[in-house]
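This briefing is meant for a reader who is meeting the structure for the first time. Please look over the sequence and the model below before turning to the notes that follow.

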Amino acid sequence: MTIKTRTDIALVAHLMRRAGFGATRAELEQLAEKPYEDIVEDLLHPERRPEVDEHLLFRYHPTTASYGDGGHAQTHWLYRMVMTQRPLEEKIALFWHYVFATGNAKVENGPAMGRQIEGFRKHGLGNYRDLLVRLAQDPAMIYWLDNNHNHKRAPNENWGRELLELFAMGAGNYTEKDVYECARAFTGWNIIARIGVPWGTYPWKFVYKPEDHDFTQKTFLGHTGEFNGEDIIDIVVRQPATSQFIARHLYNFFVADEPQVPAWPIEPPRDPEAVRFIRETFVDSGYEMKPVLRAIFNSDFFKQAMYEKVKSPVDLVVGTLRLTGDMNGPDPRWGEMPRDMSPMGQNVMDPPSVEGWHTGREWINSGAQLLRVNFTSYRFADTSLPGVQDMISRVASTAGETMTAEVLVGRCLELAGPVKAAGATRAELVGHVRNEGPVSWAPDDYDRSARRVAELLALIGASREFQMG
Amino acid sequence: MKTYYAAGKAWHYSHTIGRRTAEHNNGNLGGCAWPADLALSPDGHIFILSRGWEKDNASHNADIYRRVSKTTIDENHIGDFARAEFTWPAGIAVDREGKVYVSDEYEHHIKVFDPSRIMEFPQYERNNEHIARWGVKGTAPGQLNGPSGLQFDANDDLLVVDSLNHRVQKFTKNGRHISSFGSYGAGEGRFNRPWGLTVDAKGDIYVADWGNNRVQKLSPDGRSIMTFGTREDGGELNHPADVAVDSDGDVYVTGWGNNRVQIYEPNGSIIAALYGDADKMSRAAEYSMARNNGLSLVAWQYVDDVLAELQRFERPTGIVIDKQDRIIVADQSGRLQVYAKQKQYAPQLF
């Protein structure tokens with residue numbers, strides 16, 4: 001007989017932050033009834049949970065139905081992140097968007113950008129080799145990295161170079177000759193640019209033009225042949241540098257913050273053993289993503305990495321919305337949400353360059369921090385939001401008629417994350433509650449105490465510790 | 001010219017009106033932006049309600065995309081009004097006097113406008129154009145929650161689809177509540193987020209029951225008569241948005257979720273479906289393509305494989321039928337497509 005064991009709430013919360021965008025207390029308690037490995041399996045099989053009801057989104061936000069312009073494609077994606085019951089589906093799409101960073105600032109085609117993310121969502125948990133082939137045929141990527149200008153008689157190296165440097169192997173693992181030969185192999189991989197005026201923007205289509213492909217012999221990474229693009233990808237995927245590069249990306253995104261990507265050739269991983277384990281699992285699985293993610297989420301190094309990442313703006317914003325229940329459906333504010341997030345340093349579908357975002361501590365600066373604090377505190381302080389009301393009622397239901405400051409702070413830290421706050425932060429929170437006098441849950445005092453809980457949650461949202469996930 | 005025919009009748013594609021724009025420009029150069037609904041004035045003009053953009057762009061406030069446009073059926077664009085008056089405009093209707101009523105499903109109210117006023121692009125007077133406004137949010141009789149489709153009945157009373165209350169309500173023109181019918185559910189006389197509606201010559205009411213993937217026909221006092229669009233009759237509807245009835249009683253439903261207009265006979269038998277046939281650009285579209293030194297027009301011709309896709313409906317929303325039985329369909333590409341019905345038709349086979 002198999003004995004099913006419950007899982008520690010803090011560990012479930014950690015998993016849901018990394019494999020998703022966090023969860024409410026009710027969701028965590030429900031998940032915690034299961035063994036940890038079962039929760040991981042459910043995350044890895046998104047088809048077990050219902051899809052986002054896009055009919056509802058498209059009816060009330062019609063501009064998102066065909067992705068409109070780039071901004072509407074962003075809205076579409078952020079809405080899905082907040083509303084999804086399949087969080088890993090959106091998180092893996094975000095992971096690949098980090099690695100294969102493509103920006104609408106140049107592409108200027110919302111449908112093409114939206115379809116690229118759709119591809120990451122649909123195939124992101126599949127095979128890395130297959131994903132690279134799809135990426136090489138993705139119209140937004142072809143335009144973003146100029147492969148539409150990569151011709152038999154005039155190769156353009158942009159896509160070939162970034163494939164090697166940023167999408168697979170990392171700098172220092174190939175020669176300039178390899179870049180040139182790689183580019184030649186992808187000549188003729190082009191797009192049909194479809195004109196949208198006057199009835200909106202329409203997605204582009206991939207087209208292979210054999211008349212523009214260089215069929216002659218190429219020598220690439222020590223291999224010689226009449227290579228086409230897929231042959232190049234097959235060679236690239238088998239390189240040890242590639243598995244090391246992807247393993248480090250996975251560690252950086254799902255486990256703990258690494259130095260920025262350009263420093264990787266000179267700075268070793270913070271946990272070389274963990275990266276080695278990820279790399280070997282990746283190779284052994286034939287470059288399949290599900291076995292790798294399963295191994296990561298079930299590993300000790302993952303479980304021990306709670307609060308070892310600075311939340312990205314997406315993690316912070318989407319997580320706060322999910323936790324507080326704000327914008328939990330169609331809402332006129334969705335249209336402006338990408339613009340609100342951009343000053344925090346992350347405009348999804350518009351990374352600063354093909355290198356993607358610098359992560360970890362670089363998310364934080366004085367301007368961004370102010371916006372982060374305002375965003376979370378404003379929502380935690382809003383007692384009309386269903387998620388805040390739920391947290392208040394959970395605090396009240398576990399209390400006697402009165403509650404000490406220490407107990408109140410402990411309970412709120414638990415419900416807001418759990419958030420790991422000790423030392424000076426905890427002391428300040430306790431001091432703040434004490435200064436306001438005893439917390440009473442007598443019926444006449446309930447509303448005032450509810451507001452105090454919301455205020456305390458807002459202070460927790462503003463804390464240094466809440467920025468870590 | 002594309003012709004659909006069935007049951008001794010035919011529907012000929014006629015032409016396309018407008019383009020996706022916030023501009024208005026007198027003459028034939030106007031358009032709309034994500035049209036949500038259509039209405040006809042007593043003198044046959046078409047009013048187009050634009051849902052608009054949801055975010056400001058570099059040069060324009062998003063609010064001015066939400067508006068009402070007025071055009072003739074031969075695309076003489078008369079002008080736009082009611083800019084910056086709405087959050088989520090959803091339904092439009094015209095009373096006997098020619099006044100225009102618009103529902104706002106976020107603000108939970110109805111606004112009334114004088115259609116003779118024209119607001120030049122890109123000007124607007126925020127919340128200053130309506131001549132009346134009524135409706136408050138709630139669930140009690142007479143209160144509204146997400147009002148969408150609007151239609152005047154033979155008494156010139158206004159039927160309002162009270163979408164998030166899953167019912168239809170009838171009001172006088174100044175907002176006095178007369179009656180309500182329907183509630184949430186999938187049974188007869190029940191609704192799931194209904195969207196648009198119409199009234200036929202006998203006063204019977206047809207409601208696009210969006211969440212239940214069907215149209216319900218109701219008596220003037222709200223009793224259920226019949227249902228269209230079940231899987232069994234082969235005329236399956238996917239999230240229908242609106243409905244219209246022609247002079248023969250044939251019923252037209254915009255299949256918002258499956259990009260077609262489904263046509264039924266009065267007894268509910270399915271006849272045919274229209275899929276969109278905009279094989280030529282509207283005048284407004286030609287203007288916009290040509291004004292960039294003709295470059296866009298060249299590009300358009302170069303990618304002729306695109307045309308077959310572009311001519312199809314993309315999430316059709318509003319539908320109206322004029323006195324000549326011309327069927328006018330709005331879709332979210334920002335245009336109207338017009339079909340003419342031929343009441344007796346025998347296809348020439350050889």
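This is a predicted model: local features need pLDDT of at least 70, side-chain atom pairs count only at pLDDT 80 or more; totals for chains, interfaces and linings use all residues.

Where the two chains meet, 45 residues of chain B are in contact with 30 residues of chain A.

**The interface between chain B and chain A**

- The area buried between chain B and chain A comes to about 3,300 Å², and carbon and sulfur atoms give 60% of that area.
- On the side of chain B, the residues that lose the most area to chain A are Glu54(B), Lys55(B) and Trp88(B), which together make up 19% of what that side buries.
- Between chain B and chain A the count of salt bridges is 0, while 5 residue pairs are in polar contact, with both residues at pLDDT 80 or more.
- The elements that give two or more residues to the side of chain B that touches chain A are helix 1 (283-290), helix 2 (295-302) and helix 3 (307-310) of chain B, and of these helix 1 gives the most, with 3 residues.
- By residue type, the side of chain B that touches chain A divides into 18 nonpolar, 13 polar and 14 charged residues.

**Chain A as a whole**

- Chain A has 24 helices and 6 strands, and its C-alpha atoms fill a box of roughly 85 × 55 × 50 Å when this is taken along the principal axes.
- The radius of gyration of chain A is 24 Å, which agrees with the value near 23 Å that a compact globule of 469 residues would have.
- Of the 469 residues in chain A, 61% are buried.
- Among the contacts in chain A between residues at least 6 apart in sequence, 71% join residues that are at least 24 apart.

**A buried histidine in chain A**

- His97(A) lies in helix 6 of chain A, which spans residues 87-99, and His97(A) counts as buried because its relative accessibility is 0%, under the 20% limit.
- Leaving aside residues up to four places away in sequence, His97(A) touches Trp77(A), Thr102(A), Ile117(A), Phe120(A), Val348(A), Met349(A), Asp350(A), Pro351(A) and Trp357(A).

**Cis peptide bonds**

- In chain A, the peptide bond from Gly417(A) to Pro418(A) is cis, with omega near 5°, and Pro418(A) has its place in the loop between helix 22 (405-415) and helix 23 (423-435).
- In chain B, the peptide bond from Phe121(B) to Pro122(B) is cis, with omega near 0°, and Pro122(B) is found in the loop between strand 9 (109-113) and strand 10 (132-134).

- Tyr287(A) is not a glycine, although it has a positive phi of about 70°, and its place is in the loop between helix 15 (272-284) and helix 16 (289-297) of chain A.
- The relative accessible area of Tyr287(A) is 16%, which is under 20%, so Tyr287(A) is buried.
- His239(B), likewise not a glycine, has a positive phi of about 50°, and its place is in the loop between strand 20 (224-228) and strand 21 (240-245) of chain B.
- His239(B) counts as buried because its relative accessibility, at 11%, is under 20%.

Notes:
Residues are numbered from 1 along each chain as its sequence is written. Chains are lettered from A and ligands numbered from 1 in the order in which they are written. Side-chain values use heavy atoms; hydrogens and water are left out. Contact means heavy atoms within 4.5 Å. Buried area is the accessible area (1.4 Å probe) that two parts lose on being put together, summed over both. A salt bridge is a side-chain nitrogen of Lys or Arg within 4 Å of a carboxyl oxygen of Asp or Glu. A polar contact is a pair of N or O atoms within 3.5 Å; within protein, one must be able to donate a hydrogen and the other to accept it, and residues adjacent in sequence count only if both atoms are side-chain atoms. Helices (H or I, at least four residues) and strands (E, at least two) are DSSP runs, numbered from the N terminus. Ala, Val, Leu, Ile, Met, Phe, Trp, Tyr, Cys and Pro count as nonpolar, Asp, Glu, Lys and Arg as charged, and the others, Gly among them, as polar. The radius of gyration is taken over C-alpha atoms; the globule rule is 2.2 Å times the number of residues to the power 0.38. Buried means under 20% relative accessible area, exposed over 50%, partly exposed in between (1.4 Å probe, protein chains only).
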